[in-house]
There are 2 protein chains.
Amino acid sequence: MAVRLKALADPVRLRLLREIGDRPGGESCVCDLLDVADVSQPTLSHHLKILRTAGLVAGDRRGTWVYYRLIPEAVIEVAELLADIATVSGVAEECR
Amino acid sequence: MAVRLKALADPVRLRLLREIGDRPGGESCVCDLLDVADVSQPTLSHHLKILRTAGLVAGDRRGTWVYYRLIPEAVIEVAELLADIATVSGVAEECR
């Protein structure tokens, strides 16, 4: 879980995840992500590799391009862990 | 938000947050956290400082000891951001 949190703990990677999830079908071509991330191609690859290793996205090569798909269950699991930590003291109940 | 996620992205700090939140009133003496964290006192201080800087806990000195209190709203905000990222593709709706 710490690996996933580490992968999430970066503004560029958060933006990439949001962008991938916002596309129809929760999937985006790496060619479209280049504009969004506003980083060089090697830097983009580096960030996507971290997201992939953490199991937050899956990549699928089709012809020239790789398409990335958000794995919402993995993100939800982290959200639920945090909601759980926040609720043990009985203060916040809204996100169970 | 990336700062908070970075603070959360460590097994020891996750354990500390859970422990602090589990105590009555969501508050714990630093003396009790030493046993839980199973790290040296300087290492514990280092982790607690990161949690404090990220606004996830607040510290309050009373006599010899510092008491740490979980700030559930801060943890919930991160959980909600992640739930939001995970839901944009329309797959998971349970944590809105």
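User: How many helices and strands does chain A have?

Analyst: This is a predicted model. Chain A has 5 helices and 3 strands. Starting at the N terminus, their order is α-α-β-α-α-β-β-α.

User: What box holds the C-alpha atoms of chain A?

Analyst: Along the principal axes, the box is roughly 50 × 25 × 20 Å. Chain A has 96 residues, and 33% of them are buried. Now take the contacts with a separation of 6 or more. In chain A, 51% of these link residues 24 or more positions apart.

User: How do I read the packing of two helices? Take α2(A) and α4(A).

Analyst: Look at the distance between the axes, then at the crossing angle. The axis of α2(A) comes within 10 Å of that of α4(A), which spans residues 41-53. They cross at roughly 70 degrees. Angles of 65 to 115 degrees count as roughly perpendicular, so α2(A) and α4(A) fall in that class.

User: Which residues make this contact?

Analyst: From α2(A) come Val12(A), Arg13(A), Leu16(A) and Leu17(A). Facing them on α4(A) are His47(A), Leu48(A), Ile50(A) and Leu51(A). By class, that gives 6 nonpolar, 1 polar and 1 charged residues.

User: Now the strands. Which strands of chain A pair, and in what sense?

Analyst: Count the bridges and note the direction. β1(A), residues 27-29, is joined to β3(A), residues 65-70, by 3 bridges, and the two run antiparallel. β2(A), residues 57-62, also pairs with β3(A) in the antiparallel sense, over 6 bridges. Look at Tyr67(A) in β3(A). Tyr67(A) is the bridge partner of Cys29(A), and also of Asp60(A).

User: What should I look for in the hairpin of β2(A) and β3(A)?

Analyst: Look at the link between the strands. It has 2 residues, and Gly63(A) takes a positive phi near 65 degrees.

User: In what order do the strands of the chain B sheet stand?

Analyst: The order is β1-β3-β2 in an open sheet, with antiparallel pairing. β1(B) and β2(B) stand at the edges with a single partner strand each, so one side of each has no neighbour in the sheet. Neighbouring strands are turned by 25 degrees against each other on average, ignoring direction.

User: Which helix packs on that sheet?

Analyst: α2(B), residues 11-22, packs there and touches β1, β2 and β3 of chain B. The direction of α2(B) makes about 90 degrees with that of β3(B).

User: How do I read the interface between the chains?

Analyst: Start with the residues in contact. On chain A there are 29, touching 30 residues of chain B. α1 (2-8), α2 (11-22) and α5 (72-87) of chain A each supply at least two residues to this side. α5(A) gives the most, with 10 residues. The side of chain A that touches chain B divides into 21 nonpolar, 3 polar and 5 charged residues.

User: How are the two copies related?

Analyst: In general, two copies of a chain are related by a rotation about an axis and a shift along it.

User: Why do the copies meet through the same surface?

Analyst: Compare the interface residues of both chains. Those of chain A are, at 100%, also interface residues in chain B, so the same surface is used by the copies.

Definitions and conventions:
Residues are numbered from 1 along each chain as its sequence is written. Chains are lettered from A and ligands numbered from 1 in the order in which they are written. This is a predicted model: local features need pLDDT of at least 70, side-chain atom pairs count only at pLDDT 80 or more; totals for chains, interfaces and linings use all residues. Helices (H or I, at least four residues) and strands (E, at least two) are DSSP runs, numbered from the N terminus. A residue is buried if 20 or more other C-beta atoms lie within 10 Å of its own, exposed if 12 or fewer, and partly exposed in between; C-beta atoms are placed from the backbone. Two residues are in contact if their C-beta atoms, placed from the backbone, lie within 7 Å. Ala, Val, Leu, Ile, Met, Phe, Trp, Tyr, Cys and Pro count as nonpolar, Asp, Glu, Lys and Arg as charged, and the others, Gly among them, as polar. Axes are lines fitted to C-alpha atoms, for helices over the stretch in contact, and angles run from 0 to 180 degrees between N-to-C directions. Angles under 35 degrees count as roughly parallel, over 145 as roughly antiparallel, 65 to 115 as roughly perpendicular and the rest as oblique. Two strands pair if DSSP finds at least two bridges between them.
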